[in-house]
Amino acid sequence: MRYIYLLPGILLAITLHEFAHGWVSWKLGDPTPKLEGRLSLNPLHHLDPLGALCMLFFHMGWAKPVMINPYYYKNKKAGTALVSLAGPLMNILTGAIAIVILAWMEVSVYTGSLTVNGFVDTVYTLLYYFSMLSINLAVFNLIPLPPLDGFKILEIFLPDTAADWVERHSQYFMFILLVALYVGILDTPINAAFGFMHDGIWNFALSLFQHKLISIT
């Protein structure tokens with residue numbers, strides 16, 4: 001049952017992530033994502049089997065990268081950084097929306113304005129997994145190693161020679177990343193970043209409905 005709930009969350013999180021990349025690049029003047037069919041909310045257009053499996057088993061992973069052409073941007077480095085940032089920001093935003101709905105549901109059940117039944121429980125569980133996966137996907141992709149978004153954002157601060165060297169050896173960094181995931185080296189920093197972000201959003205969401213809790217005390 002856990003994997004049945006996880007799968008829709010994975011597909012939605014990675015689809016929104018890649019759609020955001022493509023949409024921002026398109027808005028910056030690059031027609032490539034549209035020509036490649038990546039301005040789509042169809043998960044099959046964005047699915048990377050290995051990345052999806054990592055999401056399923058490790059709760060962190062990636063989708064098929066959106067092809068972009070930075071030479072269409074007015075500022076190549078800044079445009080690439082904005083496009084790279086768009087994916088994690090989309091996951092944080094949609095994860096936060098899901099958390100706000102979860103907080104509303106919990107407060108509503110506590111105050112008696114929402115009755116728990118099979119439908120409510122299913123919606124709650126789907127939103128819970130989607131929010132967790134979305135925040136995890138954002139945190140993971142902000143790691144400053146290629147091929148992740150975090151490195152593309154970091155590139156704006158690196159000399160061209162350093163950035164080019166890392167790009168040329170990106171396949172080795174990908175291998176290092178997969179090994180680090182497998183042995184759990186990244187678990188502690190990722191969990192700490194996830195906890196900080198998730199707890200901050202959750203506390204903010206609860207504060208939005210504080211008046212409902214006060215009214216029954």
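## Basis

The model is predicted: local features need pLDDT of at least 70, side-chain atom pairs count only at pLDDT 80 or more, and totals for chains, interfaces and linings use all residues. Residues are numbered from 1 along each chain as its sequence is written, and side-chain values use heavy atoms, with hydrogens and water left out.

## Helix α5 with α1

Helix α1 covers residues 2-27 and helix α5 residues 118-141; helices are DSSP runs (H or I, at least four residues) numbered from the N terminus. Their axes come within 8 Å and cross at roughly 50 degrees. Axes are lines fitted to C-alpha atoms, for helices over the stretch in contact, and angles run from 0 to 180 degrees between N-to-C directions. The two helices are therefore oblique to each other; angles under 35 degrees count as roughly parallel, over 145 as roughly antiparallel, 65 to 115 as roughly perpendicular and the rest as oblique. The crossing of α1 and α5 is right-handed (the near helix is turned clockwise from the far one by less than a right angle; anticlockwise is left-handed).

Contact means heavy atoms within 4.5 Å. Among the α1 residues that meet α5 are Tyr-5, Leu-6, Pro-8 and His-17, and the α5 side includes Thr-122, Tyr-129 and Leu-133. The contact comprises 13 nonpolar, six polar and one charged residues. Ala, Val, Leu, Ile, Met, Phe, Trp, Tyr, Cys and Pro count as nonpolar, Asp, Glu, Lys and Arg as charged, and the others, Gly among them, as polar.

By class, the contact of α4 with α5 has 16 nonpolar, six polar and one charged residues.

Helix α9 (residues 187-208) and α5 have axes that come within 10 Å and cross at roughly 130 degrees. They are therefore oblique to each other, with a right-handed crossing. Met-132, Ile-135, Asn-136, Val-139 and Phe-140 of α5 meet α9 residues that include Phe-194 and His-198.

## Largest pocket

The largest pocket holds about 750 Å³ of space. Of its 31 lining residues, Ile-68, Thr-80, Ser-84, Lys-152 and Glu-167 are the closest to the centre. A pocket is an open set of points on a 1 Å grid over the protein atoms alone, where a 1.4 Å probe fits, with protein on both sides within 12 Å along at least five of seven lines; lining residues have an atom within 4 Å of a point. Grid points are joined across faces, edges and corners, and a volume is the space filled by probe spheres set on the points.

Helices α1, α4 (76-111), α5, α6 (149-154) and α7 (160-168) each supply at least two lining residues. The most come from α4, with six. The lining has 16 nonpolar, five polar and 10 charged residues.

## Cis peptide bond

Most peptide bonds are trans. The bond from Pro-146 to Pro-147 is cis, with omega near 10 degrees. Pro-147 lies in the loop between α5 and α6.
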